[in-house]
Amino acid sequence: LHPDLYKYVGFCLDFDGMAEEFFFFVVLVFGLSPAGQVLGRILKPLLSFLAQEGVWLLVYIDDGRGAASTKEKADADYALVLCMFDAAGLSISVKKSDVIGDSARAKEYLGFVIDTESMRVSVPEHKLIRVCASLDAFLLSSRHSCREVASIVGRLNSLETALGTEVFVGTRMATIETISMVEQRRWDWVFVLSDDAMIALKEVRNSLVVWNGHPLRSLHT
């Protein structure tokens, strides 16, 4: 092992008088691929402790959000979370995080606005504007590569949480035609979408604002 990859911790003597050395890695020796798993293992005891203290906290990789029955409890829970993470040596991105006292009924998390007052999930306005602009440019022509169609369809389908399953219906024809073309040709192959596929995508574009704000799913659905 290269000395830059590990750090000396200490040693102990076994019964035969032989020194046994212990080392731990100070870098991700296998690259970034296990980073999420490593962070998850590091956070697990912290999250378990916070759960025992009655703190409701959800963490996805390096993003987290909490919830509480009242604003006062939410602020107190958030202060405890910050204290725990700081004591554990974890750095919080201050610019991307709330400050104590900023708890509210509507918060943006992982690209969506979760509103527990109206009980709906929506796409933030700035993000919806970008999606509409991209779709407008796409609809100027029916001739696209398989990769371009897959990109716009994937972007629309990723908003299903806020738009509802109607978006899947609207992109279905374009998806079927793209899959068929990829199987016959290749991802960079340019083809013409059918009139039905284009009409469906235009209907999606006209309905984006209306669909935005899907009800939060209950445990039954």
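**Entry 1: the whole chain**

I began with the fold and found 7 helices and 10 strands in the protein chain. Helices here are DSSP runs of H or I with at least four residues, strands are runs of E with at least two, and both are numbered from the N terminus. I noted that this is a predicted model, where local features need pLDDT of at least 70 and side-chain atom pairs count only at pLDDT 80 or more, while totals for chains, interfaces and linings use all residues. Residues are numbered from 1 along each chain as its sequence is written, and side-chain values use heavy atoms, with hydrogens and water left out.

Next I looked up burial. Of the 221 residues in the protein chain, 26% are buried. Buried means under 20% relative accessible area, exposed means over 50%, and partly exposed is in between (1.4 Å probe, protein chains only). The accessible surface comes to about 15,200 Å², and carbon and sulfur atoms hold 59% of this surface. Such areas come from the Shrake-Rupley method with a 1.4 Å probe; for residues, only the protein chains shown count as cover.

I also checked contacts, meaning heavy atoms within 4.5 Å. Among contacts between residues at least 6 apart in sequence, 54% join residues at least 24 apart.

I traced an open sheet of 4 strands in the order 5-6-7-10, with antiparallel pairing. Its edge strands are strand 5 and strand 10 (214–215), each pairing on one side only. Two strands pair if DSSP finds at least two bridges between them.

I then followed strand 6 (residues 112–115). F112 and I114 make up its covered face, and V113 and D115 its uncovered one. Strand 6 pairs with strand 5 (residues 106–109) in the antiparallel sense over 4 bridges. Y109 stands opposite F112, and K107 has I114 as its bridge partner. Strand 6 is also joined by 3 bridges to strand 7 (residues 120–122), again antiparallel. There, V113 has S122 as its bridge partner.

**Entry 2: two turns with a positive phi**

I kept a note on background: most residues other than glycine have a negative phi. Which residue takes a positive phi in the hairpin of strand 5 and strand 6? I found L110, with phi near 55 degrees, in a hairpin that has 2 residues between the strands. L110 is not a glycine, and it is partly exposed at 42% relative accessible area.

The hairpin of strand 6 and strand 7 has 4 residues between the strands, and M119 in the turn has a positive phi of about 55 degrees. M119 is a residue other than glycine too. Its relative accessible area is 44%, so I wrote it down as partly exposed.

**Entry 3: salt bridges**

My search of the whole structure gave 5 salt bridges. A salt bridge is a side-chain nitrogen of Lys or Arg within 4 Å of a carboxyl oxygen of Asp or Glu. In general, side chains of opposite charge can pair when their charged atoms come close.

I looked at helix 2 (residues 71–87), where K71 and D75 are 4 residues apart, about one helical turn. Their side chains meet in a salt bridge at 3.7 Å, N to O. K71 is partly exposed at 41%, whereas D75 is buried at 15%.

K73 and D77 are also 4 residues apart in helix 2, so about one helical turn separates them. The closest N and O atoms of their salt bridge are 2.7 Å apart. K73 is partly exposed at 31%, whereas D77 is buried at 11%.

R205 and D136 meet in a salt bridge at 2.7 Å, N to O. R205 lies in helix 7 (residues 195–211) and D136 in helix 3 (residues 125–138), so the pair ties together parts that are 69 residues apart in sequence. R205 is partly exposed at 22%, and D136 is partly exposed at 35%.

**Entry 4: V167**

Is V167 buried or exposed? I found V167 buried, with a relative accessible area of 0%. V167 sits in helix 6 (residues 166–184). Leaving aside neighbours within four places in sequence, V167 is in contact with L156, N157, E160, V204 and W211. V167 and V204 are 37 residues apart along the chain, yet 6.6 Å separates their C-alpha atoms.
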